Amino acid sequence: MATISKANAVWNGKRNGNGTYEAGTGTFKGTYSAATRFESKPGSNPEELLAAAHAACLSMALAFALDKAGTPATRIATSARCTMD
């Protein structure tokens with residue numbers, strides 16, 4: 001059975017505008033802008049969300065595999081980087 005996850009994003013204005021994003025469940029939301037995405041200004045950006053998703057997925061997959069192998073983990077910490085070039 002497929003799992004469907006949803007999220008929403010809104011962009012307001014032109015290049016110097018701003019945007020908001022929110023998980024479909026409402027468990028997280030934030031803002032972003034061209035400056036936070038392309039100019040390394042403080043704040044969130046879409047690539048940061050991709051990196052977080054990859055880190056979370058890898059941690060969960062490793063925990064499942066270790067548990068299946070009979071060596072369950074008590075804690076897994078994963079860091080991920082997403083580079084936009």
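Read along the sequence, the protein chain follows the pattern β-β-β-α-α. That makes two helices and three strands. Both kinds of element are DSSP runs, numbered from the N terminus: helices are H or I with at least four residues, strands are E with at least two. The radius of gyration is 16 Å, well over the 12 Å that the globule rule gives for 85 residues, so the chain is more spread out than a compact globule. That radius is taken over C-alpha atoms, and the rule is 2.2 Å times the number of residues to the power 0.38. Along the principal axes, the C-alpha atoms fill a box of roughly 55 × 30 × 20 Å.

This is a predicted model, in which local features need pLDDT of at least 70 and side-chain atom pairs count only at pLDDT 80 or more, while totals for chains, interfaces and linings use all residues. Residues are numbered from 1 along each chain as its sequence is written, and side-chain values use heavy atoms, with hydrogens and water left out.

**Confidence.** pLDDT is the predictor's confidence in each residue, from 0 to 100. The chain averages 93, and 100% of the residues score at least 70. Confidence is lowest in α1, at a mean of 91, and highest in strand β1 (residues 7-12), at 96.

Strands β2 (residues 18-23) and β3 run antiparallel, joined by five bridges. Pairing requires that DSSP finds at least two bridges between two strands. Thr20 stands opposite Thr31 in β3. Five residues separate β2 and β3 in this hairpin, and Gly26 in the turn has a positive phi of about 80°.

**Two residues.** Contact means heavy atoms within 4.5 Å; the contacts below do not count residues up to four places away in sequence. Buried means under 20% relative accessible area, exposed over 50%, partly exposed in between (1.4 Å probe, protein chains only).

Phe38 and Asp85 are 47 residues apart along the chain, yet their C-alpha atoms are separated by 9.6 Å.

**Whole chain.** Of the 85 residues, 18% count as buried. Among contacts between residues at least 6 apart in sequence, 17% join residues at least 24 apart. The chain exposes about 7000 Å², and carbon and sulfur atoms supply 56% of it. Accessible areas come from the Shrake-Rupley method with a 1.4 Å probe; for residues, only the protein chains shown count as cover.
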